[in-house]
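The following questions and answers concern the structure shown here.

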Amino acid sequence: MTAFPESTPSTNPAIAGFESTFADELGALAVPWQGVHAPDPQLLVLNEQLAASLRWDVAVLRSEVGVGVLSGSTTPAGATPVAMAYAGHQFGGYTPLLGDGRALLLGEVVGSDGRRVDLHLKGSGPTPFSRGGDGFAVLGPMLREYLVSEAMHALGIPTTRALSVVATGRRVRRDGAEPGAVLARVAASHLRVGTFELAARQEGVLQRLADYAIARHYPEAAELPATGAGSRYLAFFEAVVEAQAALVAQWTLIGFVHGVMNTDNTTISGQTIDYGPCAFLDAFDPTAVFSSIDHSGRYAFGHQPAVLKWNLARFAETLLPLIDSTPENAIAAVSAVLDTFEERYEGHYAAGMAAKLGASGMLLDRALVDDLLRLMAEHGADWTGSFRALADELRGHSAPLHALVPRERIGPWVQRWRGTLTTQGRGAAAAAEAMDRVNPLYIPRNHQVDAALRAATDGEFAAFEKLLEVVTHPFDRRDEWTDYTTPAPPSFNATFRTFCGT
């Protein structure tokens, strides 16, 4: 491995409060490590609201010392940086050791809300898990993660969040020499299904990891007995199943495609993580795939619930020894919980779709939803625009909807939908207002993200900053933002793919 200068310690108390419970309690799943010195770090974007919630002084974060910490060049006081180890199933194939190949867990802090979160650097240099990679990241993908994760947060979807992006002053070779960058992200934790897949194959680690995860994310389960039908580990598994069923339903409702739903990208907390080959749908297509390497369509938009259940089955396998000493009993117990996944997902999805269509509660005929989606798919209707157009239809403005689906095709469906709302006692105006509260106007549309990242890579950040402002106010209609509601041209979507950015 190429030798780089080590990071230097910081004693500035304004970037303090770090703890290292993961490294202290689960050292077998981490390697102490340091970020690589950045030759010329420049802070490009800082999430001041998030920084304040972590009780950090924004002015200090913008200082030379703060930028040093955010670039990985400087280790903050009290922090014990580690590269986290985990395994994972990638595109269905098991890899026994993956780990943070270009990232560091700096440590944990407790925010003003009393919740413990990780601060994690992405692109901070090679680690023992780099697997032949250089360990660095380039500017475009780090800005993509910042933009999309903050958009997801604004949409109310559980997600890791972005604190900053720092340009390192290092050129990183990909297709050509590109500007290097480090993303600082905040997460409830970085525990993954893949973390358990590794721990299950190490003696004496699995139960400690499970107890740590329970205490950190699902403390109510810690009060339950360790064994038996109502054991804490079975309750833990059920809690993760519920969190992930709710999450993937929210992805579906918003038209989000993760792109690479490997088990090492499936969190125990139920947060969305790792925004590499991700995208939001323009034209609705259940088979839409955005990863350049997903040749089989494994992680297509419409496959995401089934893939998530598959990942949870791999998680269940790791917990079997903790749930019951008799394998048959353990398998029966986790299978009974896993079999509830579809019902849980459908419950979240049905409630969310009812809200998107202005219905009361979950009182909406599933056939009505399916018929709408069939029409949208047949005509390549814009996912986000369609639901806003339906609200306009209730206000007497039919043109936006008919521009997406011809009047003669959508008309009978609209009559059925209006009849349902009338039966529920939902007035058109009230339903339209309710729909606008859950259906965004603005999402990170692929062509706009791509253009903003290209400009930023060339040193022009105005488009990125504007797009960030728009997508973090997804429900606020502003006349000057009309262009941000426009889908990409078909020629763009025909060739658009996103990459992991390594």
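Q: Which hand does the crossing of H9 and H11 have?
A: The model is predicted, so local features need pLDDT of at least 70, side-chain atom pairs count only at pLDDT 80 or more, and totals for chains, interfaces and linings use all residues. Residues are numbered from 1 along each chain as its sequence is written, and side-chain values use heavy atoms, with hydrogens and water left out. A crossing is left-handed if the near helix is turned anticlockwise from the far one by less than a right angle, and right-handed if clockwise. The crossing of H9 and H11 is right-handed.

Q: Are H9 and H11 parallel, antiparallel, perpendicular or oblique to each other?
A: Helices (H or I, at least four residues) are DSSP runs numbered from the N terminus; H9 covers residues 304-323 and H11 residues 341-356, and they pack at about 140 degrees with axes 11 Å apart. Axes are lines fitted to C-alpha atoms, for helices over the stretch in contact, and angles run from 0 to 180 degrees between N-to-C directions. Angles under 35 degrees count as roughly parallel, over 145 as roughly antiparallel, 65 to 115 as roughly perpendicular and the rest as oblique. H9 is therefore, relative to H11, oblique.

Q: Which residues of H11 meet H9?
A: Contact means heavy atoms within 4.5 Å. From H9, the residues involved are Pro 305, Leu 308, Lys 309 and Leu 312. Their partners in H11 are Phe 341, Glu 342 and Tyr 345.

Q: How are H12 and H15 oriented to each other, roughly parallel or roughly antiparallel?
A: The axes of H12 (residues 366-378) and H15 (residues 407-423) come within 11 Å and cross at roughly 155 degrees. H12 passes H15 in a left-handed crossing. Residues of H12 including Leu 368 and Leu 372 meet residues of H15, among them Trp 413 and Trp 417. The two helices are therefore roughly antiparallel.

Q: How many residues of helix H4 are buried?
A: Buried means under 20% relative accessible area, exposed over 50%, and partly exposed in between (1.4 Å probe, protein chains only). The buried residues of H4 are Gly 66, Val 67, Gly 68, Val 69, Leu 70 and Ser 71. Helix H4 (residues 64-71) is largely enclosed by the rest of the structure because, of its eight residues, the number buried is six.

Q: Is Asn 439 buried or exposed?
A: Asn 439 is placed in the loop between H16 (428-438) and H17 (446-457). Leaving aside neighbours within four places in sequence, Asn 439 is in contact with Lys 356, Phe 387, Arg 388 and Phe 475. With a relative accessible area of 1%, Asn 439 is buried.
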